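Hi,

Here is the structure I promised to hand over. My notes on the aromatic rings follow below it.

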Amino acid sequence: MSVPGKEVKNGTYEFNDYMRAPDSRNRWEILQDALYNKKEGTYCGRSGKQWGITAVFYCVFFSCLAVFFAICMKGLLATLNEEKPRWILDSSIIGTNPGLGFRPVSDNEKEGALIWYSASNATQVQRWTGFLDTFLSDYINSTRLPTGGRNQQICSYTQAAKPGNVCAVNVNDWGPCSPQEGYGYNNSAPCVFVKLNRIYGWEPDCYNDSKDLPSEMPESLVRHIQTADKSWLNTIWVSCQGENPHDREVIGELEYYPKSQGFPSFYYPYVNTPGYLSPIVAVHFLRPKRSVIINVECRAWAKNIVYSNIKMEKKGAIHFELMIDD
């Protein structure tokens with residue numbers, strides 16, 4: 001004997017829907033009832049009381065979450081010093097080995113470290129000189145600095161900056177690499193600016209003895225140090241050359257500005273003084289070969305700068321390519 005509303009299958013009873021009244025609502029009525037059901041008094045499937053309870057719960061939940069987050073942030077900020085990192089030098093992730101950077105750098109990621117232009121194309125020349133204008137804007141116009149340049153002073157190897165002051169970078173020492181000269185780009189003799197990355201509290205151990213220089217130092221730099229003004233010897237020296245033998249044949253003659261060919265030690269240590277600007281060296285490529293990519297490596301020389309020429313993790317050096325079309 002069968003049971004109404006049930007169906008016998010394999011000796012067991014299973015409910016089926018043949019006794020349920022069919023839904024006579026159209027799609028629009030189903031949508032209306034889903035938003036507001038007059039018979040049940042629900043909005044989106046919940047009564048007003050249920051929605052009220054849900055709203056109160058989430059208000060309390062997110063309020064507690066916001067208070068907890070604020071307490072954590074307040075506790076974290078209370079442990080930070082805006083003027084000095086908690087961990088510096090050997091105890092920090094950055095360590096004690098500053099890296100090198102260069103400008104100009106393309107805004108197109110596909111170009112990577114390649115500086116490529118034609119000296120006869122004014123648009124391309126303006127593009128690269130524009131990158132340098134932006135990079136050097138704080139150097140040229142000190143009023144853009146946080147202190148308006150009021151705490152800058154002229155320093156020397158015998159006179160460091162006074163407390164609260166910073167050493168000014170002399171923009172008149174760049175010769176043909178100055179903005180007035182177009183950084184040499186319109187003459188197919190471009191300038192590339194090199195700078196040392198900042199590490200709080202780091203001080204250089206300079207090669208200041210011309211008789212005690214590393215054997216791998218380029219001969220041109222050795223000659224420069226041996227003939228340089230004795231007062232310049234406390235300098236982090238900079239040298240650039242073609243990365244491979246072929247590159248050294250086509251790179252041509254180089255000049256450096258300022259003439260000290262490096263970063264003077266009186267700019268260090270960096271202690272996050274407002275208005276501080278990193279010293280820079282302009283490398284002038286006088287006659288690079290045209291229409292060929294020249295791989296260039298620039299290196300900083302100090303006893304406490306570790307050097308590695310592995311491309312993906314260079315230390316104490318920087319790599320870029322230069323190509324000038326006719």
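In this predicted model, the count of aromatic pairs comes to 16. One of them is formed by Tyr117 and Tyr185, a tilted pair with 5.2 Å from centre to centre and 40 degrees between the planes. This pair links distant parts of the chain, 68 residues apart: Tyr117 belongs to strand β7 (residues 114-118), while Tyr185 lies in the loop between β9 (166-167) and β10 (191-196). Tyr117 counts as buried because its relative accessibility is 0%, and Tyr185 is likewise buried, with a relative accessible area of 0%.

Tyr200 and Tyr270 make another pair, with ring centres 6.3 Å apart; their planes are at 75 degrees, so the pair is edge-to-face. Here too distant parts of the chain are linked, 70 residues apart: Tyr200 is in the loop between β10 and α5 (219-227), and Tyr270 is in the loop between β13 (262-264) and β14 (280-285). Both Tyr200 and Tyr270 are buried.

Phe57, Tyr58, Phe61 and Phe62 form one aromatic cluster. Together with Leu65, these residues make a nonpolar surface patch of about 530 Å². Tyr58 is placed in helix α2 (residues 48-78). Is Tyr58 buried or partly exposed? With a relative accessible area of 42%, Tyr58 is partly exposed.

Two arginines may interest you as well. Arg299 has its charged end over the ring of Tyr307, 3.8 Å from the ring centre. For Arg127, the charged end sits over the ring of Trp128, at 5.0 Å from its centre.

Definitions and conventions: Residues numbered from 1 in each chain as written. Predicted model: local features only at pLDDT ≥ 70, side-chain atom pairs only at ≥ 80, totals over all residues. Heavy atoms only, no water. Patch = residues over 30% accessible without salt bridge, like charges linked within 9 Å, V, L, I, M, F, W, Y side chains within 5 Å. Areas by Shrake-Rupley, 256 points an atom, 1.4 Å probe, with all protein chains shown as cover. Salt bridge = Lys/Arg side-chain N within 4 Å of Asp/Glu carboxyl O. Helix = DSSP H or I, 4+ residues; strand = E, 2+ residues; numbered from the N terminus. Buried < 20%, exposed > 50% of the residue type's maximum accessible area, 1.4 Å probe, protein only. Phe/Tyr/Trp six-rings, centres within 6.5 Å; stacked < 30°, edge-to-face > 60°. Lys NZ or Arg CZ within 6 Å of the ring centre and 35° of its normal.
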